[in-house]
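We will go stop by stop, selecting as we go.

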2 protein chains.
Amino acid sequence: MLSKKTKYGLKALTYLASVGTKEPVQIAEIAKHENISQKFLESILLTLRRNGFLGSKKGKGGGYYLIKEPHEIPMTAVMRVLEGPIAMVPCVSLNFYEKCDDCPDEVECSVHKLMLQVRDSALEVYRNNTLADLIS
Amino acid sequence: MLSKKTKYGLKALTYLASVGTKEPVQIAEIAKHENISQKFLESILLTLRRNGFLGSKKGKGGGYYLIKEPHEIPMTAVMRVLEGPIAMVPCVSLNFYEKCDDCPDEVECSVHKLMLQVRDSALEVYRNNTLADLIS
DNA sequence: TATAATGTCTATCGTTTTAGTAGGAATTTC
DNA sequence: GAAATTCCTACTAAAACGATAGACATTATA
């Protein structure tokens, strides 16, 4: 399952992209427009800022804004920050590789074999989509 | 993340397929060979039996065995039984569809748009793989 | 027919993750 | 200086996960 965090984060990014301006948009406005708990959204926007997707401005007239152009923001990056590894098992992860304790031989492992294909197919989708592709 | 349940279930199925015979294989043997907690594996094999993948025999000389040929067992079916929906959000699920509370319009929704593609790509992988394709 | 070997079933449990909530500190504008 | 905003830390309730325990049912075979 996709976490709410990722879902809300994507929606917030999309909203900011659709607004189009570089003017800061308030958390409250995003939360209201996307039906998200404002406090929860705060923490999500914070991690998006810390990871270089958003800029922010404090005080009156403050808010969040996109740092890059929507077409420069690939879904691979967004998903990795919000949802974590794209692979469903660490032993097929490109960025978060870990060997399985139980599995003596990855080459022979059926789970490895299947999940490698799943990772590749998901990766292709995420690579083919930037934030710009998601606004309608 | 793939659950341990799915991982172990897949490994067990693969092991049964690789053994090849229609003779019952004991839980203990599978558990040992695949480094799985036996008690946990018991419950997994039970759900696989209840869902028509495995047959079982009780008592001495008992165990589990595949009911169908490996090439007749598509990964779509296995994944749905062990892991649940293939879609990452209910609003793009074929078999477990549910509307999102928060989302007023699926057609406009960026999450929907992206996750539809992810579902389709995963589905293609699972449809192209039967249990027979996973044994090496 | 007794016994040992197996699967079946229900209940429970500790840990981790999820999805928030609370409350205040820091910063900026007016 | 007051109001509006983001920033940050800590906490929490509920669910999911990954088992574990123990009794029961069935079967083979000695």
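One definition before the first click: buried means under 20% relative accessible area, exposed means over 50%, and partly exposed is in between (1.4 Å probe, protein chains only). This is a predicted model, in which local features need pLDDT of at least 70, side-chain atom pairs count only at pLDDT 80 or more, and totals for chains, interfaces and linings use all residues. Residues are numbered from 1 along each chain as its sequence is written, chains are lettered from A and ligands numbered from 1 in the order in which they are written, and side-chain values use heavy atoms, with hydrogens and water left out.

**Stop 1: a salt bridge between chains**

Select K7(B) and D102(A). Their side chains meet in a salt bridge, 3.2 Å from N to O. (A salt bridge is a side-chain nitrogen of Lys or Arg within 4 Å of a carboxyl oxygen of Asp or Glu.) The pair crosses between chains: K7(B) sits in helix α1 of chain B, and D102(A) in the loop between α4 and α5 of chain A. Helices here are DSSP runs (H or I, at least four residues), as are strands (E, at least two), numbered from the N terminus. Are these two residues buried or exposed? K7(B) counts as buried at 8% relative accessibility. D102(A) is buried too, with a relative accessible area of 11%.

Then select K7(A), K11(A) and D102(B), which are linked in a network of salt bridges.

**Stop 2: the whole interface**

Show both protein chains. How many salt bridges does the rule find across the interface of chain B and chain A? It finds four. There are also 16 residue pairs in polar contact between the chains, both residues at pLDDT 80 or more. (A polar contact is a pair of N or O atoms within 3.5 Å; within protein, one must be able to donate a hydrogen and the other to accept it, and residues adjacent in sequence count only if both atoms are side-chain atoms.)

Select helix α5(B) next. It gives the largest share of the side of chain B that touches chain A, eleven residues. By class, that side has 21 nonpolar, seven polar and eight charged residues. (Ala, Val, Leu, Ile, Met, Phe, Trp, Tyr, Cys and Pro count as nonpolar; Asp, Glu, Lys and Arg as charged; the others, Gly among them, as polar.)

The contact takes 36 residues from chain B and 36 residues from chain A. Contact means heavy atoms within 4.5 Å. About 3200 Å² is buried between the chains, and carbon and sulfur atoms give 62% of it. (Buried area is the accessible area, 1.4 Å probe, that two parts lose on being put together, summed over both.) In chain B, color M88(B), D102(B) and L114(B): they lose the most area to chain A, together 18% of what that side buries.

**Stop 3: DNA strand D**

Select the 25 residues around DNA strand D; Q26(A), R49(A), S56(A), Y64(A) and K39(B) come nearest. Zoom in on K39(B): a polar side-chain atom lies 2.2 Å from a base oxygen. At R50(A), a side-chain N or O atom is 3.0 Å from a phosphate oxygen. At K4(B), a backbone N or O atom lies 3.2 Å from a phosphate oxygen. Helix α3(A) gives the most to this surface, with five residues.

**Stop 4: DNA strand C**

Switch to DNA strand C, which 26 residues surround. The closest are K39(A), Q26(B), R49(B), R50(B) and Y64(B). Look for Q26(B): a polar side-chain atom lies 2.7 Å from a phosphate oxygen. In I27(B), a polar backbone atom is 2.9 Å from a phosphate oxygen. Helix α3(B) supplies the largest share of this surface, five residues.

**Stop 5: a tie within chain A**

Finish with K22(A) and E69(A), whose side chains meet in a salt bridge at 3.9 Å, N to O. K22(A) lies in the loop between α1 and α2 and E69(A) in the loop between β2 and α4, so the pair ties together parts that are 47 residues apart in sequence. K22(A) is partly exposed at 43% relative accessible area, and E69(A) is partly exposed at 38%.

Definitions and conventions:
Near = heavy atom within 4 Å.
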